[in-house]
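Trainee: Before I read any labels on this structure, I would like to know what each one rests on.
Mentor: Then take the labels one at a time.

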Amino acid sequence: MRRNYSKQREEIRKAASVIGVHPTAEEIYSLVKEENSTASLSTVYRNLHELVKEGELKELILPNGVKRYDADDSEHNHAVCNCCGKIFDVDIVIEGLEQKIKELQGFQMNGYHVIVEGICQNCGRKEGAKNVKKIIRN
Ligand SMILES: [Zn+2]
Ligand SMILES: [Zn+2]
């Protein structure tokens with residue numbers, strides 16, 4: 001039992017670790033399910049919760065409330081496309097943020113994580129404008 005449990009957990013960790021993908025719990029579940037038909041969504045949720053607690057995975061809560069998982073533990077920010085919903089790793093540093101926030105509010109910053117919203121290159125090139133109108137209307 002115990003052994004099974006940790007094997008499943010390893011599968012879940014692996015499924016969540018495809019760099020750059022940032023899967024949702026449901027996407028991880030369908031990946032794990034391909035290998036192990038007895039896996040349940042609640043097991044996936046429970047294991048993800050534990051992996052996050054132990055620092056093996058990062059949980060990203062997007063502006064639309066969707067949770068995604070990231071196994072890349074380097075400090076990086078994210079951009080989310082309002083059109084296709086894809087999430088991208090963004091390697092930018094906000095210069096002077098620590099200094100500014102200290103001056104303005106006396107706040108000692110330990111770190112930050114930014115989620116930029118917008119339209120990705122792919123959607124911008126294609127029917128971006130049309131889809132955005134659709135999203136705004138909904
Ligand atoms: Zn897009
Ligand atoms: Zn990431």
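What follows goes through the labels in turn, with the definition behind each.

Mentor: The model is predicted, so local features need pLDDT of at least 70 and side-chain atom pairs count only at pLDDT 80 or more, while totals for chains, interfaces and linings use all residues. Residues are numbered from 1 along each chain as its sequence is written, and chains are lettered from A and ligands numbered from 1 in the order in which they are written.

Trainee: Why is I94 called exposed?
Mentor: A residue is exposed if 12 or fewer other C-beta atoms, placed from the backbone, lie within 10 Å of its own, buried if 20 or more do, and partly exposed in between. I94 has 10 C-beta neighbours inside 10 Å, so I94 counts as exposed. I94 is in the loop between β4 (87-90) and α4.

Trainee: What makes α4 lie largely in the open?
Mentor: Helices are DSSP runs of H or I with at least four residues, and strands are runs of E with at least two, numbered from the N terminus. Helix α4 covers residues 97-105, and of its nine residues the number buried is zero, so α4 lies largely in the open. Just after α4, G106 has a positive phi of about 65°.

Trainee: What is meant by a nonpolar core, and which residues touch the most other members of the largest one?
Mentor: A nonpolar core is a set of buried Ala, Val, Leu, Ile, Met, Phe, Trp, Tyr and Cys residues joined through C-beta atoms within 7 Å. The largest has 13 residues, of which I12, A15, A16, I28, V32, V44 and L48 touch the most other members. At least two residues of this core come from each of α1 (2-16), α2 (25-35) and α3 (41-53). The most come from α2, which gives four. Another core, of five residues, lies apart from it and includes V80, C81, C83 and I87.

Trainee: How do you know which residues α2 and α3 use in their contact?
Mentor: Two residues are in contact if their C-beta atoms, placed from the backbone, lie within 7 Å. On α2 the contact is made by A25, I28, Y29 and V32, and on α3 by L41, V44, Y45 and L48.

Trainee: Why are β1 and β2 called paired?
Mentor: Two strands pair if DSSP finds at least two bridges between them. Four bridges join β1 (residues 58-61) to β2 (residues 67-70), so the two strands pair, and they run antiparallel. E59 stands opposite Y69 in β2. The two strands form a hairpin with five residues between them, and G65 in the turn has a positive phi of about 90°.
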